[in-house]
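Here are my notes on this model, as numbered points. Please read them with the structure open.

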Amino acid sequence: MARSKCPACEYHEFEAVHVTTKTGQKFCLIQCANCGTVIGALDDVKIMNVIKNAEKKLSRFLENLNRKVLTVCRRKNS
Ligand SMILES: [Zn+2]
């Protein structure tokens, strides 16, 4: 995979910065960690939704896993 670089200073590290506009909209900016050139902006709400969906999927997966482990344990004990 090609290495990402800043278009301004060619630095290779980036950081996510959370900003809130005057109207209260929340964004997440991806900027160069060296010079601060903004590479991209993400909608904070969308990110939160993605995280929430991932959390739901993960907890469902863990619930299923727990159930399977319990079933196996019960089988061993009986
Ligand atoms: Zn830069």
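**Notes on the fold**

1. Start with one residue pair. Glu-15 has Gln-31 as its bridge partner, and Gln-31 sits in E2. The model is a predicted one.

2. Strand E2 covers residues 26-32, and seven bridges tie it to E1. The two strands run antiparallel.

3. Now the whole sheet. It is open and has three strands, in the order E1-E2-E3, with antiparallel pairing. E1 (14-20) and E3 (38-43) are the edge strands; each has a single partner strand, so one side of each lacks a neighbour in the sheet. From one strand to the next, the twist averages 25°. As background, strands of a sheet pair through backbone hydrogen bonds, in either a parallel or an antiparallel way.

4. What is the order of elements from the N terminus on? The protein chain runs β-β-β-α. The count is one helix and three strands.

5. The helix is H1, residues 44-77. H1 lies across E1, E2 and E3. Its angle to E3 is about 65°.

6. Check the overall dimensions. The radius of gyration of the protein chain is 21 Å, whereas a compact globule of 78 residues would have one near 12 Å. The C-alpha trace spans about 65 × 35 × 15 Å along its principal axes.

7. How many of the 78 residues count as buried? The share is 1%. The cut-off for buried is 20 or more other C-beta atoms within 10 Å of the residue's own.

8. Last, contact range. Take the contacts between residues at least 6 apart in sequence: 23% of them join residues at least 24 apart.

Conventions
Residues are numbered from 1 along each chain as its sequence is written. This is a predicted model: local features need pLDDT of at least 70, side-chain atom pairs count only at pLDDT 80 or more; totals for chains, interfaces and linings use all residues. Two strands pair if DSSP finds at least two bridges between them. Helices (H or I, at least four residues) and strands (E, at least two) are DSSP runs, numbered from the N terminus. Axes are lines fitted to C-alpha atoms, for helices over the stretch in contact, and angles run from 0 to 180 degrees between N-to-C directions. Two residues are in contact if their C-beta atoms, placed from the backbone, lie within 7 Å. The radius of gyration is taken over C-alpha atoms; the globule rule is 2.2 Å times the number of residues to the power 0.38. A residue is buried if 20 or more other C-beta atoms lie within 10 Å of its own, exposed if 12 or fewer, and partly exposed in between; C-beta atoms are placed from the backbone.
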